[in-house]
Amino acid sequence: MPHAVDPNRAAQHGGVVMRLLDELFPLVEGFYVDLHKNPELSHAEYRTASGVAEWLTRTGYEVHKGVGGTGVVGVLRNGPGPTVMLRADMDALPVEEKTGLPYASTSRTTDGDGADVPVMHACGHDAHTACLVGAADLLSETREEWSGTVMIVAQPGEETLDGAQKMLADGLFERFGRPDVVLGQHLGPQPAGLISHRAGVILGSSASYRVRVHGEGGHASQPHTAVDPVLIAANIVTRLQGVVSREVSPSEMAVLTVGRIHAGTKANIIPDEAYLEINTRSLNDAVATRLEESIERIVRAEAAASGAVREPEIERFQGAGVTRNDPDTVSAVASAHRAYFGDQYVIHLPDPSPSTEDFGYFGLPDDPRPIPYVFWFVGATPHDVWDAAPGDTPYEKLGNVPSNHSPFFAPAREPALRAGLAALTVAALSYLGSDREGAPAPSGSVFPGPAPEDVPAPADAGGAHDAPAADPPSGPQDAGDYNDAYDSAFLASGWDAPKAADSTHDADMGAVFNSQDEELREEWRSEKVEESTLSADMAAFLDEEDEPRRPPAGPAFGGPPPQGSAHHAPPPGPDEDRPGSEYR
């Protein structure tokens with residue numbers, strides 16, 4: 001039997017969460033800055049894992065390290081009730097940071113091929129990890145408000161799409177208990193602080209393939225005596241471009257990219273082999289299967305057509321299925337977020353993203369009793385960068401701001417972290433049982449910045465921003481349905497609401513965030529830092545020697561440099577000038 005969910009429970013206890021969040025935030029922010037300055041590649045997250053384990057230990061969790069490699073699991077049992085799993089990923093990318101932030105990464109390491117590569121948290125995993133330990137701390141501090149078990153999972157190797165499976169293969173659920181629900185979040189290019197939900201498929205599937213075609217080498221002056229694998233590879237690349245346009249229905253989403261090709265050593269030598277790497281994306285298993293079958297057919301046919309001396313080698317070396325949110329669980333968590341943040345800061349995504357995560361493996365999709373899960377986005381783009389981005393619609397702007405995997409990806413530190421920290425905590429509290437009723441509702445703002453102006457106030461106002469918490473949607477929405485994001489007074493404040501049949505592509509979110517210009521806040525509250533559940537001795541793990549690292553696979557995606565400030569609080573100064581420097 002599924003556990004009952006009360007979407008309003010988190011809002012009822014929101015006052016306590018809000019107060020503790022303010023007290024804890026400087027430490028979470030400092031941990032994030034430290035992680036950003038010291039990124040580690042997939043399955044080499046030694047320092048990061050040590051920091052997570054230290055934090056969880058000091059806040060009262062039963063902690064286990066080395067799960068699935070470098071993974072960390074923390075368990076907090078607090079009486080009868082459901083088991084709620086919170087997950088974040090820890091790994092960074094082989095990208096050279098170009099944000100210009102005062103805490104930008106200058107790290108470099110040697111990858112698995114022996115090459116010297118830069119390292120950057122270009123996908124927001126540093127924020128995910130900081131919010132995870134912060135939410136764990138908040139839940140520990142509010143144990144009198146809830147009942148059940150919290151399972152904290154800091155996962156390695158998301159960028160290689162195998163970290164979740166490694167943790168499961170290492171007995172994650174057998175050793176620490178099977179959760180009743182799994183919750184996770186990801187920074188995205190949406191405006192900072194905006195929470196975005198979608199029922200059903202929210203992220204697509206991905207697969208990567210290695211292809212090696214074999215020819216027969218020779219001198220460039222006598223090509224008739226050789227079998228040219230470069231020509232075979234070129235024909236494969238060209239032929240593959242017709243798969244999506246001619247073999248996949250126009251109503252389906254599919255992407256096929258040849259991201260790597262290598263052959264030969266010199267201009268006047270015909271090599272004896274060529275190497276390619278191919279990546280595919282889709283939103284359902286049938287299309288994914290069709291793409292794989294087409295790749296194999298075309299590769300083998302082109303090799304045969306050119307008289308290759310032996311069969312080509314085709315290997316699927318990386319991949320993950322779609323991330324499919326449980327509709328009922330999405331409805332409950334989104335309602336809790338609306339009740340806490342205010343309806344204007346929570347929207348429903350009309351379309352899934354072709355990006356891929358391995359988060360869905362934690363839901364055991366092939367199990368007879370899969371585990372429901374919810375994965376949502378936390379906006380990270382600074383509001384001045386969003387406003388300056390070219391485009392009249394949100395879709396146009398999303399394509400013109402630095403996004404995940406860009407060397408210019410610079411989240412708005414304070415609003416993104418505050419929103420992510422609160423969102424994860426509130427989602428957990430919406431599931432965890434409670435014997436206490438009537439706790440005060442939250443008031444004020446969960447992240448800095450005034451509530452939108454010119455928004456009509458209803459007779460019964462409430463919510464985290466003194467704005468109405470509208471009734472949640474009655475059920476999941478499909479991409480073709482009316483997007484209830486337009487019901488948000490905040491999002492609709494800049495334009496007239498379109499008709500139900502209108503597309504979100506016709507909407508303009510630009511004016512929305514003009515009212516979100518954030519005033520500088522006092523960055524460090526020294527009297528509140530001392531009240532944190534953490535002790536003042538985390539320096540030891542921060543000084544640990546680096547251990548050997550291995551890189552994740554996959555290219556980085558570029559993006560234009562940002563315009564304006566990348567964060568909405570003063571940049572961190574010298575450590576000795578700030579309280580709690582030992583956490584930095």
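I began with D343 and noted that D343 is buried at 4% relative accessibility, where buried means under 20% relative accessible area, exposed over 50%, and partly exposed in between, for a 1.4 Å probe and protein chains only. R338 is buried as well, with a relative accessible area of 3%. I then looked up their pairing and found a salt bridge between D343 and R338 with 1.9 Å between the closest N and O atoms, a salt bridge being a side-chain nitrogen of Lys or Arg within 4 Å of a carboxyl oxygen of Asp or Glu.

I note here that this is a predicted model, in which local features need pLDDT of at least 70 and side-chain atom pairs count only at pLDDT 80 or more, while totals for chains, interfaces and linings use all residues. Residues are numbered from 1 along each chain as its sequence is written, and side-chain values use heavy atoms, with hydrogens and water left out.

I counted salt bridges next, and the structure holds 23 of them. One network of salt bridges links R87, D89, E357 and D358.

I followed E247 through two pairs. The side chain of R290 meets that of E247 in a salt bridge at 3.6 Å, N to O; because R290 lies in helix α8 (residues 285-305) and E247 in helix α7 (residues 229-247), this pair ties together parts that are 43 residues apart in sequence. Helices in my notes (H or I, at least four residues) and strands (E, at least two) are DSSP runs, numbered from the N terminus. E247 also forms a salt bridge with R297, at 2.6 Å from N to O, and this pair links E247 in helix α7 with R297 in helix α8, 50 residues apart. Both arginines came out as partly exposed, R290 with a relative accessible area of 36% and R297 at 44% relative accessibility.

I turned to helix packing around α12. Helix α4 (residues 125-141) and helix α12 (residues 413-429) have axes that come within 9 Å and cross at roughly 50°; the axes are lines fitted to C-alpha atoms, for helices over the stretch in contact, and angles run from 0 to 180 degrees between N-to-C directions. I therefore recorded α4 as oblique to α12, given that angles under 35 degrees count as roughly parallel, over 145 as roughly antiparallel, 65 to 115 as roughly perpendicular and the rest as oblique. On the α4 side the contact includes A127, A130 and C131, and on the α12 side it includes L417, G420 and L421, contact meaning heavy atoms within 4.5 Å.

After α3 comes G60, which has a positive phi near 100°.

Last, I located S353 in the loop between β17 (346-348) and β18 (373-381). Is S353 buried or exposed? At 18% relative accessibility S353 counts as buried, and, leaving aside its neighbours within four places in sequence, S353 is in contact with I202, L203, G204 and L283.
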